[in-house]
Amino acid sequence: MKYAFWNDGNPRVLRTNKNVTLPNGAVLLSVTHPIPEAGLFAYVEDRPALVPTRRYGATNCVNDGWTITAKIAVEDRDLDHVRGEKWAALAAHRYAVETGGIDVDGHPIDTDRESQAGIAAKQAYLERHADVSSVRWKTRSGFVSYSHAAFADMSAAVLFHVQSCFDTEAAHAEAIGALETVKDIANYDFTSGWPEALDGRAAPV
């Protein structure tokens, strides 16, 4: 349990570890030492449960002579703030799907940012060196030997996957931007319409 000084309506909350007697005569066995006993009260919080459309507001402390009760108000959340949070969660979901890997002709291909850059660089290299007949690329299941055409197809599949993720994010972002109430934004589900990924679909929302 927590205890507090009244401090002119702004209680200073503390934990205890030495004997202290409260105004009601109860002796505490765990109060910080040294500490004056006068003005020390039990401290509790009246904190209502929240729904996504509301947030905690101001705290009003009441002292009944035995216990200090901190009554925490709740208030409607700001529309733009909720929208910004939703857009941030949407971006996190897009990133998880984008970098979650894809299957290309039975081969699990990583699509994290480093892999995207590596595949693009390798594709550019092959386009400049027609004399290279094949290239080996490491997938999640091991090395695969690709011809020029096969590697180009794999590279295009990765690019298409990444672009599809951004296109899907853009569509959801536009839909979120058009919503006019905190409740509608909070309840909007942006988890549909994404391209398939090997993992990353359970991104935090």
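**Figure 1. Asp-105 and the overall chain.** Asp-105 is exposed, with a relative accessibility of 71%; exposed denotes over 50% relative accessible area, buried under 20%, and partly exposed the range in between, with a 1.4 Å probe and protein chains only. The model is predicted, so local features require pLDDT of at least 70 and side-chain atom pairs count only at pLDDT 80 or more, while totals for chains, interfaces and linings use all residues. Residues are numbered from 1 along each chain as its sequence is written, and side-chain values use heavy atoms, with hydrogens and water left out. Asp-105 lies in the loop between S8 and strand S9 (107-109). Although Asp-105 is not a glycine, its phi is positive, at about 55°. The chain as a whole contains four helices and eleven strands; these are DSSP runs numbered from the N terminus, with helices (H or I) of at least four residues and strands (E) of at least two. Of its 205 residues, 33% count as buried. Among contacts in the chain with a separation of 6 or more, 53% join residues 24 or more positions apart; a contact means heavy atoms within 4.5 Å.

**Figure 2. Packing of helix H1 against helix H3.** Two packed helices are described by the angle between their axes and the distance between the axes. The axes of H1 (residues 79-98) and H3 (residues 148-178) come within 10 Å and cross at roughly 165°. H1 is therefore roughly antiparallel to H3. Axes are lines fitted to C-alpha atoms, for helices over the stretch in contact, and angles run from 0 to 180 degrees between N-to-C directions. Angles under 35 degrees count as roughly parallel, over 145 as roughly antiparallel, 65 to 115 as roughly perpendicular, and the rest as oblique. The crossing of H1 and H3 is right-handed; this term applies if the near helix is turned clockwise from the far one by less than a right angle, and left-handed applies if anticlockwise. H1 contributes Arg-83, Lys-86, Trp-87, Leu-90, Ala-91, Arg-94, Val-97 and Glu-98 to the contact. The residues from H3 include His-161, Cys-165, Phe-166, Glu-169, His-172 and Ile-176. By class, the contact of H1 with H3 comprises ten nonpolar, three polar and five charged residues. Here Ala, Val, Leu, Ile, Met, Phe, Trp, Tyr, Cys and Pro are nonpolar, Asp, Glu, Lys and Arg are charged, and the others, Gly among them, are polar.

**Figure 3. Packing of helix H2 against helix H3.** The axes of H2 and H3 come within 10 Å and cross at roughly 140°, and the two helices are therefore oblique to each other. Their crossing is left-handed. From H2, the contact draws on Arg-113, Gln-116, Ile-119, Lys-122, Gln-123 and Leu-126. Residues of H3 in the contact include His-148, Phe-151, Met-154, Val-158 and Phe-166. The contact of H2 with H3 has eight nonpolar, four polar and two charged residues.

Figure 4. Arg-113 is found in H2 and is partly exposed, with a relative accessible area of 41%. Beyond its neighbours within four places in sequence, Arg-113 is in contact with Arg-94, Tyr-95, Glu-98, Thr-99 and Phe-166. Not counting residues up to four places away in sequence, Ser-115 touches Asp-110 and Trp-137.

Figure 5. Ala-197 is found in the segment after helix H4 (182-187) and counts as buried at 15% relative accessibility. Not counting residues up to four places away in sequence, Ala-197 touches Val-97, Gly-100, Gly-101 and His-161.
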